[in-house]
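Dear colleague,

Please find the structure below. My notes on its two chains follow directly after it.

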Amino acid sequence: MNSASEVSVAAQGRESWLPLLQLAATEVFEIMLGTKLEPVIETSALPACEITSMVGLAGQLCGVLTLRCDFATAALMASKMLGVEPQQADPQLWDATGEICNMVAGNFKNKLTGLSDKCMLSVPTVISGGDYTFHLLADAGTIEILMMFENHPIVIALEVHS
Amino acid sequence: MEKIRALIVDDSSVMRKIVERSLRQAGIDLAQVREAGNGAEALAILGEDSVDLILCDINMPVMDGLEFVRQLQAMDAAKRAPVVMITTEGSESHVVQALSLGARGYIRKPFTPDQVKEHVIPVLEQ
């Protein structure tokens, strides 16, 4: 989505990426789920990591964008997207969270002027279960945001290669 | 506007349902909706059936949306329904490439029903 918030990668450092990632996520949830994401005050609100959606970025910006939440939250996201009850949305929750992660990644990179053309997205991958360790060869740090979706915490992280 | 037959091409079944709902919310009267999970499935459907409008994602496994549009141009004129791309890939080069291959419109995800209406109605009226 184009907006006045587009910034040049060259003109702004990575410190500007965190608010852009928040904005990208907020827009996706507002437009596609009809829900406002709220910033988290309590850091104790970290979610159980039961669903992890991932989208790879390759090109001028290399890395992985992940969205993590618990099963109930993922089902609620799917139900909001489809306009059905969470129980009815259960079979679609992997698909829905993968697509949300994909849209957040795309919306984020489209906000970085000059990057959009030089960065490709992978199709999403979704992992269920939390008993794993994420070994990414990213060496340029992580931008992570914790937000509340309908009183459920979600974590969106961008692991960046240099 | 007459009832139309639409083909929605996206590897996400959730997104296919959202696109269909957005078309209906945009006031488009749908006689039939066919779904495909990638470009190859869409070409197979068009091999045996005709549609009036195609909504197509770009990033898909097996055959992506740009390759689908390219191969669609080689089909009989009767099969070449107008294509509107609906994708997270919002770069200028993707837009130019899709339009040069024959797509008639381009919508970025996330999208509202109003944006679908704004881009699809003119294509149907051409």
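In chain B, 5 strands make up an open sheet with parallel pairing, in the order E2-E1-E3-E4-E5. Strands and helices here are DSSP runs numbered from the N terminus (helices H or I, at least four residues; strands E, at least two), and two strands pair if DSSP finds at least two bridges between them. At the edges lie strand E2 (30-36) and strand E5 (105-108) of chain B, each pairing on one side only. On average, neighbouring strands of this sheet are turned by 20° against each other, direction ignored; axes are lines fitted to C-alpha atoms, for helices over the stretch in contact, and angles run from 0 to 180 degrees between N-to-C directions.

This is a predicted model, in which local features need pLDDT of at least 70 and side-chain atom pairs count only at pLDDT 80 or more, while totals for chains, interfaces and linings use all residues. Residues are numbered from 1 along each chain as its sequence is written, and chains are lettered from A and ligands numbered from 1 in the order in which they are written.

Chain B

Chain B holds 5 helices and 5 strands, and along the sequence its pattern reads β-α-β-α-β-α-β-α-β-α. Strand E4 (residues 83-87) of chain B pairs with E5(B) in the parallel sense over 4 bridges; there, Ile86(B) has Ile107(B) as its bridge partner. Helix H3 (residues 65-72) of chain B lies across strand E1 (4-9), strand E3 (53-56) and E4 of that chain, at about 175° to E4(B).

Two residues are in contact if their C-beta atoms, placed from the backbone, lie within 7 Å. Of the contacts in chain B between residues at least 6 apart in sequence, 65% join residues at least 24 apart. Buried residues account for 45% of the 126 residues in chain B (buried: 20 or more other C-beta atoms within 10 Å of the residue's own, with C-beta atoms placed from the backbone).

Chain A

In strand E4 (residues 63-69) of chain A, 7 of 7 residues are buried. Gly63(A), Leu65(A), Leu67(A) and Cys69(A) point one way from E4(A), and Val64(A), Thr66(A) and Arg68(A) the other way.

E4(A) pairs in the antiparallel sense with strand E3 (residues 51-59) of chain A over 7 bridges and with strand E9 (residues 152-160) of chain A over 6 bridges. Thr66(A) stands opposite Met54(A) and also opposite Ala157(A) in E9(A). E3(A) and E4(A) form a hairpin with 3 residues between them.

Technical notes: A residue is buried if 20 or more other C-beta atoms lie within 10 Å of its own, exposed if 12 or fewer, and partly exposed in between; C-beta atoms are placed from the backbone.
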